[in-house]
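Here are my notes on this chain, written as numbered points. Have the sequence and the model open while you read.

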Amino acid sequence: MNEIEIKFILPDRQRILDLLRSKSCVFTSSKKQVDTVYAKNIGDLNTFLSSDVFLRIRIVDESQAVLTLDRK
């Protein structure tokens, strides 16, 4: 499983949004997502990430449940 998330503060939010739109990005309303992840190996982060199977239950906007299974 490869997932990268980067958070940062935008000094000029509108300029970045305009640039992304010019690259054909489309924005929608925000969604609330709550994830519960189950892994074969538990312990510290390295042990957790060494799992070859991850099961995720994601609740979207408190009304929809999505079940995913990721395998390395």
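1. Let's start with burial. Of the 72 residues of the protein chain, 10% count as buried (buried is under 20% relative accessible area, exposed is over 50%, partly exposed is in between, with a 1.4 Å probe and protein chains only). The accessible surface comes to about 6,600 Å², and carbon and sulfur atoms hold 54% of that (Shrake-Rupley method, 1.4 Å probe; for residues, only the protein chains shown count as cover).

2. Some housekeeping. This is a predicted model, where local features need pLDDT of at least 70 and side-chain atom pairs count only at pLDDT 80 or more, while totals for chains, interfaces and linings use all residues. Residues are numbered from 1 along each chain as its sequence is written, and side-chain values use heavy atoms, with hydrogens and water left out.

3. Overall dimensions. The protein chain has a radius of gyration of 17 Å, whereas a compact globule of 72 residues would be near 11 Å (the radius is taken over C-alpha atoms, and the globule rule is 2.2 Å times the number of residues to the power 0.38). Along the principal axes, the C-alpha atoms fill a box of roughly 45 × 30 × 20 Å. Of the contacts with a separation of 6 or more, 21% are between residues 24 or more positions apart (contact means heavy atoms within 4.5 Å).

4. Ser51 and Arg13 are 38 residues apart along the chain, and their C-alpha atoms are separated by 38 Å. Cys25 and Leu49 are 24 residues apart in sequence and 31 Å apart in space, C-alpha to C-alpha. Cys25 belongs to the loop between α1 (13-22) and β1, and with a relative accessible area of 34% it is partly exposed.

5. Secondary structure. There are 2 helices and 3 strands, in the order α-β-α-β-β along the sequence (helices are DSSP runs of H or I with at least four residues, strands are runs of E with at least two, numbered from the N terminus).

6. How do the strands pair? Strand β1 (residues 33-39) and β2 run antiparallel, joined by 7 bridges, and β2 pairs with strand β3 (residues 64-71), also in the antiparallel sense, over 8 bridges (two strands pair if DSSP finds at least two bridges between them). On the β3 side, Arg58 stands opposite Val66 and Leu55 stands opposite Leu69.

7. The faces of β2 deserve a look. In a regular strand the side chains alternate between the two faces of the sheet. Strand β2 (residues 53-60) has Phe54, Arg56, Arg58 and Val60 on its covered face. The uncovered face carries Val53, Leu55, Ile57 and Ile59.

8. Next, Leu67 in strand β3. Is Leu67 buried or exposed? Leu67 counts as exposed, because its relative accessibility is 60%. Leaving out residues up to four places away in sequence, Leu67 touches Leu55, Arg56 and Ile57.

9. Check the turn. β2 and β3 form a hairpin with 3 residues between them. Most residues other than glycine have a negative phi, and most peptide bonds are trans. In the loop between β2 and β3, Asp61 has a positive phi near 50 degrees, and Glu62 has a positive phi near 55 degrees. Asp61 counts as partly exposed because its relative accessibility is 39%, while Glu62, at 63%, counts as exposed.

10. What about Ser51? Ser51 sits in the loop between α2 (45-49) and β2, and with a relative accessible area of 0% it is buried. Not counting residues up to four places away in sequence, Ser51 touches Ala39, Lys40, Asn41 and Lys72.

11. Last, charges. The protein chain has 12 positive and 10 negative side chains, and the centres of the two sets lie 4 Å apart. Lys and Arg count as positive and Asp and Glu as negative, with His and the chain ends not counted; each charge is placed at NZ of Lys, CZ of Arg, CG of Asp or CD of Glu.
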